[in-house]
Amino acid sequence: MKSLFGRRSAVVTVVIAAALILSGCSKSVNDSAGGASGDCGSYAIAMHAWGGYTASATVVAEIAKKELGCTITQTTLDEGPTTYDAMEAGTIDVVIEDWGGGRWKEWVDRGAVVEAGENGNVGLIGMYVAPWMAAKYPDITDSKNLNKYADLFKTADSGGKGAWFEGPAGYTTIGEKMVSANKLNFKVIFSGSEAALVDGFTKAEANKTAFIGYAWQPWTLFAKIPNLESGHVHFPANDWTDPAKASGLTDYPSSPLIKLISKKLNDANDPFTSLVKNFKWTNDDQNGVAADLEGGMTAAEAAQKWIDAHADIVKSWLGK
Amino acid sequence: MHIKKPYLLLGSVAIWILLGRLLHGKNTLQIDTYENTSFTRFIGEKALELRGNRTESPAFIYFFNPIRAVIDGFVQFIRNLIAVPAPNSVIPVIGWLGVVALIAFAVFATSALRTALLSVSLLLGCGVLGMWQFTMDSIAMTLAAVLLSLSIGIPLGIWAGLSDRVLKILTPFLDLAQILPTLVYMAPIALVFMIGAASATIATMIYAIPICIRITSHAIRNLNQSPVEASESMGSTRKQTLTKVQIPMAKQMIVLGINQTVMAAVSFVVVAALIGAPGLGKPVIEALIIRNVGQGFVAGFAVVFLAILMDRSTSAAAKRQESFIPPTQAQVKRKRITLIVSAVAAVTSVFLSRTMLWAAVWPKEITIAPQVEKVTNNATAWVLDNLYIFTVGFKDLISYSILNPLETQLSASPWYVTVAMIVALALIIAGLRTAILAFCLAMAIVLSGLWYEAMLTLTQTIVGCLLTMVIGIALGIWTGRSDRAEKTLRPFLDAGQTLPAFVYLVPMLGLFGPTRFTAIATGIVYAIPVVVKIVCEGIRAVPHSLVEAATAAGSTTRQIITKVQLPAAKKTILLATNQGLIYVLAVVVIGGFVGAGGLGYLVIVGNSKPELQGKGLIAGAAILLLGVIFDRIMQAGAKRSG
């Protein structure tokens with residue numbers, strides 16, 4: 001080492017070592033502060049990639065920190081298997097909202113992940129056109145008439161057909177089946193992320209350009225484009241629950257969203273466990289927090305605002 | 001009869017287009033995204049099995065899990081020192097003032113006062129941006145990954161420097177690692193080591209170690225051989241020659257290798273957040289999620305600051321020239337005194353940062369993050385509002401004129417026609433051996449069942465590379481011919497090379513919408529700096545005498561560029577094209593997040609849908625195969641043209 005880096009490096013090493021030893025022996029702010037936590041341990045909440053999730057997870061995290069004195073880490077993570085793996089490994093304890101319709105079965109069977117009930121939000125998925133189109137072409141919201149308007153949706157990327165913007169990667173999507181089963185003259189384009197869809201819908205509505213895309217509720221976009229619901233394109237009523245067996249002829253089902261917790265948290269059975277198990281709120285609650293978040297508040301501020309306005313609900317979650 | 005290469009190339013392209021037209025839509029191997037081939041289903045099942053076995057199989061209990069635990073512990077130790085409080089504490093071992101003082105002292109002692117001051121302001125800059133803790137996390141992660149990388153890379157590099165056989169065995173792996181797009185190997189690593197700091201560190205090491213090995217072995221190999229021979233002839237043992245002659249002589253170059261290793265690790269900071277690494281990547285990715293461009297840039301600036309800090313402090317140590325005039329007694333004394341004083345100051349600061357809360361935790365009030373966020377948000381909004389019409393027009397122009405025809409040609413032709421074409425190109429440009437390799441790799445993609453998606457990605461990469469080269473060569477010539485231009489552009493190029501692609505993915509999305517072109521544009525921005533730098537070097541390396549002779553003969557500037565400088569730099573430009581292709585490929589695949597489809601989308605979807613996991617893993621492998629095909633053809637082509 002010495003021949004490689006010379007004397008000065010040696011000096012640096014000595015000083016840093018001295019500083020470290022000093023810091024090891026000296027007393028610090030820590031000693032006077034004492035332990036920060038109450039009887040709640042330290043847990044990690046998975047943070048998935050959409051605004052509504054951030055809203056729910058941050059509300060739970062803020063209550064746990066302020067009311068229960070837990071140490072909460074929030075780890076940004078892809079939804080689905082990677083998260084279940086992390087739960088199995090003990091690095092993630094809570095998923096506050098999972099749309100996956102049972103894809104966690106393997107992990108639950110192994111005892112690594114535990115279902116912790118519904119979170120009160122109901123997931124509704126569908127295909128939506130930009131609302132101005134629904135006003136101008138009233139019959140467009142019936143799936144049978146889509147082909148009549150397919151030409152409007154042509155873009156440079158859709159190969160002479162209408163562009164059909166499919167949902168983000170991890171979401172339940174059957175667009176390819178819907179297009180082929182209903183013989184729609186559309187090409188499926190995989191948007192890949194929530195950001196891409198938000199961009200598509202807002203620009204289409206602002207510039208009055210044609211757009212048909214995947215949307216779901218609860219979602220903050222419904223707060224930003226208030227009449228988005230009017231653009232809901234209706235397919236025949238749903239007849240499936242497992243996307244793998246869907247024919248594609250019918251619409252998406254509505255599904256209650258599920259909370260998942262790690263075995264570790266389930267076994268701990270402490271105040272945080274019961275907070276997560278009791279947590280339940282409505283689509284409107286979530287949309288409100290998520291809209292504040294999108295409006296420029298930090299997640300913690302938006303969550304705190306909701307918590308302050310709903311003290312009684314928070315109390316009921318805490319079992320007080 | 002000898003036919004000229006360009007005619008051969010033109011001829012085969014013509015045949016290819018003709019065949020593509022004739023057999024349009026046949027044997028395209030297109031399958032729906034939700035469908036598996038029997039091969040991808042098999043891989044998916046194996047991956048699921050692996051997941052289930054992690055708590056039982058001996059390979060995990062005795063090998064992978066201990067590695068994970070050790071690396072996790074190491075990272076956690078460093079994080080507890082500077083970034084996060086250990087359990088039952090409220091502050092990390094050393095607070096912000098201590099960290100600043102220690103880094104300043106270390107930089108001052110190893111290089112110069114100016115660099116030390118720069119380091120301090122960069123660190124304070126990260127703090128003012130509201131990113132102190134994220135920055136410390138990133139420094140901790142980088143430090144851990146670099147230390148581990150060096151402890152493997154330097155010994156291996158020295159060994160490869162001494163032994164031809166070792167170098168020969170290592171070279172294919174080094175080449176492969178250089179082509180490997182980062183998005184690709186995250187999933188397999190996370191599969192084995194799970195999400196978290198350990199996976200992120202290992203992924204960083206895979207990226208950084210090859211660079212360290214390459215430069216170290218290069219350093220040992222390119223030494224002036226006479227001192228080595230002298231040492232051997234005087235009867236030194238091999239070990240003595242190595243430790244007393246070779247390593248000290250190669251020192252400067254090895255330190256450069258350390259610098260490059262550090263930079264590789266820093267450039268990984270953001271991507272690593274995708275598999276759960278703590279640090280600056282987190283706010284960047286979160287900004288992408290909630291489409292807060294401003295927040296993304298605030299975090300992105302902190303990444304750039306960190307990169308500059310790491311680069312300047314390590315390269316200054318490498319460049320520090322020993323003066324030929326020995327320092328006078330007084331100078332030595334003065335230096336010693338300043339060193340001692342600053343050492344005392346550093347140690348005092350560390351002490352303060354443990355006892356005083358203001359020196360321990362970065363004061364939240366000192367921040368300009370909201371302002372920076374607002375300014376960038378407004379600027380982006382202005383650009384989007386006013387340029388959207390132009391950017392969409394440009395996007396449509398490129399889409400209709402190049403992208404769509406090429407995509408039709410590649411993806412709607414039968415697979416055997418395109419494979420034959422790739423092999424023919426390889427044969428003409430690079431020779432028989434490369435052609436055979438290209439054939440095998442292309443067939444592997446065909447057999448994997450992901451040929452159609454591979455062709456989509458290939459189209460985007462080719463178009464991205466074409467545009468990159470048009471802009472890159474123009475800027476490269478400009479900077480190569482004018483020092484002033486080089487000086488003006490340099491900071492932008494440096495920043496472009498360190499600013500993570502995820503930061504400008506969202507603005508690009510705003511400009512071009514959820515389309516293939518967004519992916520291409522992001523790839524172009526990412527690849528241009530490296531292309532400009534290589535082309536600039538190439539232009540500068542053209543002998544002055546050639547240029548002077550042409551000037552004397554009365555050539556115009558245009559003639560000098562097209563007739564003298566470009567032809568003389570041909571080989572470098574080919575290499576730049578190769579780098580451009582690989583860079584564009586690496587970023588085009590993250591376009592899967594913004595509507596570009598192709599292999600990148602399959603990788604992303606494989607991460608979140610268990611039933612498509614096998615398809616995602618194979619898509620990653622197919623991206624790598626595409627990269628290798630390109631790389632081999634271009635490298636061999638460049639060698640031949642030399």
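## Exercises on a domain interface

Between domain 1 of chain A and domain 2 of chain A, the rule finds 0 salt bridges (a side-chain nitrogen of Lys or Arg within 4 Å of a carboxyl oxygen of Asp or Glu). This is a predicted model, where local features need pLDDT of at least 70 and side-chain atom pairs count only at pLDDT 80 or more, while totals for chains, interfaces and linings use all residues. Residues are numbered from 1 along each chain as its sequence is written, chains are lettered from A, and side-chain values use heavy atoms, leaving out hydrogens and water.

**Exercise 1.** Work out which residues form each domain and how far apart the C-alpha centres lie.

*Solution.* Start with the bounds, which come from an automatic or database domain assignment: domain 1 of chain A is 42-121 + 256-318, and domain 2 is 123-254. Next, take the C-alpha centres of the two domains, which lie 29 Å apart. Then count the contact (heavy atoms within 4.5 Å): 15 residues come from domain 1 of chain A and 15 residues from domain 2 of chain A.

**Exercise 2.** Find how much area the two domains bury and which three residues of domain 1 of chain A lead on its side.

*Solution.* Buried area is the accessible area (1.4 Å probe) that two parts lose on being put together, summed over both. Here the domains bury about 1,200 Å², with 55% of it on carbon and sulfur atoms. On the domain 1 side, A:Trp99, A:Asn287 and A:Glu294 supply 44% of the area buried against domain 2 of chain A, more than any other three residues.
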